[in-house]
Every structure is written in C-alpha cells, then in structure tokens.
Amino acid sequence: MPRPMIRNLPAQTAQRRYEIAEHILRDNIVGGQLPLGLVLLEGPIADILQTSRAPVQRALLRLEADGLVHRFQGRGFLVGPQDEGLTPNRTDIKSFGLVIAQHADAALQSRSSWARIYNTVERDVAGCVVFGQYRIIEIELANHFKVSRTVVRDVLSRLQERGLVRKNQSSHWIAGPLTAQTIKDHFTLRRMLEPAALKAGAAAVDRERLTELFTRLAGLEASQPVDHLEKLEELQEQMIDICVLTTANEKTRELIRNNLLPVNAAERLLRHLGLPDDPTAITEMRLIVELLMRGAVDAAAAMLETHLDASMKRMIAQMKIVAIIPGPSVTADYLTHVE
C-alpha cells in the first residue's frame with residue numbers, strides 16, 4: 001500500500017484541522033492523485049490524516065460547494081462534478097498514496113496527539129468496566145504514555161462524549177460500572193435511533209454492498225456456527241454501516257456511532273472472556289438485509305427492532321454470567337478500582 005508522500009513546502013499560517021484536510025484533498029484532486037469517480041469516505045480519510053471525522057466532513061462539504069466532489073446514491077462523495085455521470089470507484093483511498101505537504105503533516109500531527117493513544121486507552125477502559133467502577137488519574141495516564149496533561153484531557157473528553165467515562169461530584173474521572181441497566185439504556189437509545197435511521201436512509205442504500213452482505217449472511221447461516229460466530233462483530237458493523245448509517249442526518253449518525261461504542265466494547269470483552277455468541281443473530285441480520293433488498297423498508301425497520309430486543313436480552317444474560325467471574329488481576333497502572 002503506498003504511503004502518504006510528504007512534500008517539503010514552505011510553512012503557512014496556522015490553520016484549523018478542516019482547512020488543512022480541505023487543502024490536502026483539494027491538492028490531490030486537482031493534481032490528479034485522486035481520480036474522477038473515486039468514492040471518498042470520512043473514516044478512511046480521517047485514518048490517513050490521523051484526525052477525527054468532523055474536520056474531514058467539513059472539508060468535504062467545502063469541496064462540494066466548489067464542485068470538486070458531489071453526493072451520489074450511496075455513502076460518501078464522488079470526486080468530480082455532479083453532471084458528468086461518473087461511475088463510483090470504490091478503491092480504498094489508502095492505495096493511492098496521498099501527497100501531503102510537510103507543513104500540513106506537521107500541523108495535523110501536533111493537533112492530533114490524542115489520536116495516537118486514544119484506541120489504547122479506550123481498549124483499557126472497556127476491558128475493565130464490566131467488572132466494576134474504576135478511577136482514571138490524569139497524571140498517571142500522562143506519565144504512562146509520556147504525553148502532556150492537555151493531551152490526556154483531550155482523550156478523556158472524547159471518551160466522555162462517547163459515554164465511556166464521566167466526572168463524579170469530586171471531578172474525578174470515572175469509568176464504569178457497566179451494568180444490566182446501562183445496557184438497557186444503550187439499547188433503548190438504539191431502538192429509538194437505528195430503525196428510524198434505516199427508514200430515513202433506505203433510498204440511498206448502496207444496493208451492491210447490500211447484496212454482497214446478504215450473500216455472506218445467507219452463506220454463513222448454512223455453515224457451522226464456529227465459522228460465522230468468529231465473523232459476527234465484523235458482520236454487525238457492516239450491517240449498521242450499510243443499512244443504518246446511510247441516513248443523511250449527520251447528527252443522527254454521530255449519536256448512533258457514539259452510543260454503539262460502549263455496547264461494542266462490552267460485546268468484544270464478553271467474547272474475549274469466552275462467552276458464546278448466539279447464531280440466531282446471523283438469521284436476524286439476514287432478514288433485515290433481505291427485507292431491505294425487497295423494498296420492504298417498514299418491515300426491515302421492524303425486524304431491526306426485533307434484532308435489537310433479542311441482542312439486549314442475550315447481552316444481559318451474558319452479564320449475569322460475568323457477575324460471578326473474578327475481575328482482571330492486572331489493569332493499566334492509571335486505572336484504580338473503586339470499591
């Protein structure tokens with residue numbers, strides 16, 4: 001995979017992240033590095049630039065206003081003007097090797113220091129909250145990763161936005177406990193948001209990706225449970241991405257993504273502890289996809305509600321098993337168990 005090429009160009013005045021992202025994408029589009037018809041998605045671009053999705057989204061909207069990219073009947077933007085009848089090219093943008101000016105790369109690196117440790121901190125936190133309540137000590141977190149308190153607060157603020165940590169009355173950062181009631185709360189929000197998002201975005205669903213997902217689900221349904229349970233997390237993410245996050249309402253998409261973070265983290269931990277998944281989840285997802293393929297949008301939304309109800313009950317049953325399992329003997333040194 002080509003690596004982003006860093007050009008040594010004169011530094012410019014300080015810019016916001018979305019302006020940096022816009023200039024990088026603009027230069028690569030005008031310079032022909034990104035071909036006409038290429039599908040641009042926020043997530044992969046954010047990964048390359050080591051930033052969050054928000055500045056990438058704003059950059060794409062500014063490029064759309066200038067006619068360099070346009071929306072289409074699918075997720076993301078296409079490179080090029082809207083009236084040229086371009087065929088979507090879904091090649092991974094990472095394979096093109098973006099050209100990034102040195103000053104832009106340096107600016108992004110300095111502004112996204114939190115991103116380099118965020119995933120590790122999120123994983124550490126998610127790995128213990130099923131077992132109780134933990135306090136996160138800022139100075140110990142900073143020393144652990146050898147970063148500043150400012151970077152630590154950026155990380156904790158983002159974890160707070162995603163519902164993974166909170167501040168108590170003493171202004172201490174607290175993670176957990178993840179309880180059956182917490183799970184019910186998250187699934188209540190899922191039931192409110194996800195079926196409505198499915199109905200709102202049904203007309204823009206990528207039919208090709210939907211058909212591919214249906215073929216995978218139907219094939220796995222007929223295979224041995226061990227074969228498809230290993231792929232369950234990936235399939236769940238694909239189903240949400242293709243069927244639910246197609247809604248044009250970015251705020252709804254953000255709420256859904258953030259609400260899913262603690263749920264997915266808990267499911268991942270339960271799976272890591274050896275608790276079995278239920279193969280009927282594959283059938284439930286296959287029915288959602290099949291109904292959507294047939295244009296039965298209301299029925300697909302109703303089936304999604306059924307799937308969410310069943311998923312909540314399965315997860316709560318697993319939580320009851322965890323209640324009798326001893327907690328982790330070792331956690332990250334910045335996490336302190338609170339009795």
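Colleague: Which helix gives the most to the lining of the second largest pocket?

Modeller: That is H3, with four residues. Keep in mind that this is a predicted model.

Colleague: And which helices each supply at least two residues of that lining?

Modeller: Helix H2 (42–49), helix H3 (53–65), helix H8 (180–201) and helix H12 (250–272).

Colleague: How much space lies in the second largest pocket?

Modeller: About 430 Å³. The pocket is lined by 24 residues, and those closest to its centre are Arg71, Gly76, Thr247, Ala248 and Arg253.

Colleague: How does the lining divide into nonpolar, polar and charged?

Modeller: There are 10 nonpolar residues, seven polar and seven charged in the lining of the second largest pocket.

Colleague: OK, on to cavities. How many of 30 Å³ or more does a search of the whole structure find?

Modeller: One. The largest cavity has a volume of about 40 Å³.

Colleague: Which residues line the largest cavity?

Modeller: Gly74, Arg75, Ala204, Val205, Asp206, Arg209, Asp241, Ile242 and Thr246. By class, that lining has three nonpolar, two polar and four charged residues.

Colleague: Switching to helix packing. At what angle do H9 and H11 pack?

Modeller: Helix H9 (residues 207–221) and helix H11 (residues 232–244) pack at about 150°, and their axes are 10 Å apart. The angle makes H9 roughly antiparallel to H11, because angles over 145 degrees count that way.

Colleague: Left-handed or right-handed crossing?

Modeller: H9 passes H11 in a left-handed crossing. On the H9 side the contact is made by Arg209, Leu210, Leu213, Arg216, Leu217 and Leu220. H11 brings Glu234, Leu235, Gln238, Met239, Asp241, Ile242 and Cys243.

Colleague: What classes are those residues?

Modeller: The contact of H9 with H11 has eight nonpolar residues, one polar and four charged. Arg209 and Asp241 are in this contact, and both also line the largest cavity.

Colleague: What about H9 and H13, what angle and how far apart are the axes?

Modeller: H9 and helix H13 (residues 280–293) pack at about 145°, with axes 9 Å apart. H9 passes H13 in a left-handed crossing too.

Colleague: Which residues make that contact?

Modeller: From H9 they include Leu210, Leu213, Phe214 and Leu217. Among those from H13 are Ile282, Met285, Val289 and Leu292. The contact of H9 with H13 divides into 10 nonpolar, two polar and four charged residues.

Definitions and conventions. Residues numbered from 1 in each chain as written. Predicted model: local features only at pLDDT ≥ 70, side-chain atom pairs only at ≥ 80, totals over all residues. Heavy atoms only, no water. 1 Å grid on protein atoms, 1.4 Å probe; cavity = no way out; pocket = protein on both sides within 12 Å on 5 of 7 lines; lining within 4 Å. Points joined across faces, edges and corners; volume = space filled by probe spheres on them. Nonpolar A, V, L, I, M, F, W, Y, C, P; charged D, E, K, R; others polar. Axes fitted to C-alpha atoms, helices over the stretch in contact; angles between N-to-C directions. Parallel < 35°, antiparallel > 145°, perpendicular 65-115°, else oblique. Left-handed = near helix turned anticlockwise from the far one by under 90°. Contact = heavy atoms within 4.5 Å.
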